[in-house]
Amino acid sequence: MPVTDPCELPADRKRGSNFGWSLGMVLRRWQEHVEELLRDLPHGSRGYHILAVVVHEEVPTQGALAARLAIDRSVLTYVIDDLENAGLIERRRDPQDRRARRIVATERGRRTLVEAELRVAHIEDHVLGGLPEEQRGVFRDLAARAAEAIHAAAPATDPCAAVQSVLPPADQTS
């Protein structure tokens, strides 16, 4: 049933609040800073996300990695090629299925990720600087839970398209 009277808003909603604008502002600021910060990593934040999943999660194959990150398999192939050429990951045959490839971080890739995670954490604290320190972890946790729920309900949702939809065109950033 649609709400027609603004006085009927849920108690936790402020009048005039705009959830989409709020998320867009946080995402835009994160993207601006993190892309600059990770410019030395192949494909910037996309390469970072791939490396993080490969290191921290048990993703069995390249296909599973594409599904986990909701990245088109053909695009993922190019990013993995570049991460592999940089010595950060390697493809290994899956012992269970010779047609499949497992993506494994190299020691250099693990070290690179640790350094990148420290830099990204610093940027995230800066981006979330308007929140008290104890609330930043809560915000990150709740955002992660919401994202996991959305991904579980709609695994084909492309996060890169979502980012592009809130970022201004490159010639208008300033």
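User: Which exposed residues sit on the face of α4 turned away from its buried side?

Analyst: That face carries Tyr78 and Asn85. Exposed means over 50% relative accessible area, buried under 20%, and partly exposed in between (1.4 Å probe, protein chains only). Helices (H or I, at least four residues) and strands (E, at least two) are DSSP runs, numbered from the N terminus. This is a predicted model, where local features need pLDDT of at least 70, side-chain atom pairs count only at pLDDT 80 or more, and totals for chains, interfaces and linings use all residues. Residues are numbered from 1 along each chain as its sequence is written, and side-chain values use heavy atoms, with hydrogens and water left out.

User: And which residues of α4 are buried?

Analyst: Leu76, Val79, Ile80 and Leu83 are the buried ones in α4. They lie on the same side of α4 because they cover an arc of only 100 degrees around the axis, taking directions from the helix axis to the C-beta atoms. Their cover includes α2, α3, β1 and β2.

User: How do I read the span of α4?

Analyst: The expected span of a helix is 1.5 Å times one less than its number of residues. The 13 residues of α4 should span 18 Å, and the end C-alpha atoms are 18 Å apart, so the two agree.

User: What comes just after α4?

Analyst: Gly87 does, with a positive phi of about 80 degrees. Leu88 is in the loop between α4 (73–85) and β1 (89–94), and counts as buried because its relative accessibility is 4%. Setting aside residues up to four places away in sequence, Leu88 touches several residues, including Leu41, Leu51, Leu83 and Thr112 (contact means heavy atoms within 4.5 Å). Leu88 and Arg111 are 23 residues apart in sequence, with their C-alpha atoms 9.0 Å apart in space.

User: Which residues other than glycine have a positive phi?

Analyst: Most residues other than glycine have a negative phi. Here, His43 has a phi near 70 degrees, and Ala70 has one near 55 degrees. His43 sits in the loop between α1 and α2 and is partly exposed at 38%. Ala70 belongs to the loop between α3 and α4 and is buried at 10%.

User: Which residues touch the most other members of the largest nonpolar core?

Analyst: In soluble globular proteins, nonpolar side chains tend to be buried together. A nonpolar core is a set of buried Ala, Val, Leu, Ile, Met, Phe, Trp, Tyr and Cys residues joined through side-chain atoms within 4.5 Å. The largest one here has 28 residues, and Leu38, Tyr48, Ile50, Leu65 and Leu76 touch the most other members. Helix α2 gives the most to this core, with 6 residues. Leu65 touches, among others, Ile50, Val53, Leu76 and Ile103, not counting residues up to four places away in sequence.

User: With which side chain does the side chain of Ser45 make a polar contact?

Analyst: Ser45, in helix α2, makes that contact with the side chain of Glu35 at 2.3 Å. A polar contact is a pair of N or O atoms within 3.5 Å; within protein, one must be able to donate a hydrogen and the other to accept it, and residues adjacent in sequence count only if both atoms are side-chain atoms. Ser45 is buried, with a relative accessible area of 7%.

User: How many helices and strands does the chain have?

Analyst: There are 7 helices and 2 strands, running α-α-α-α-β-β-α-α-α from the N terminus. Of the 174 residues in the chain, 26% are buried.
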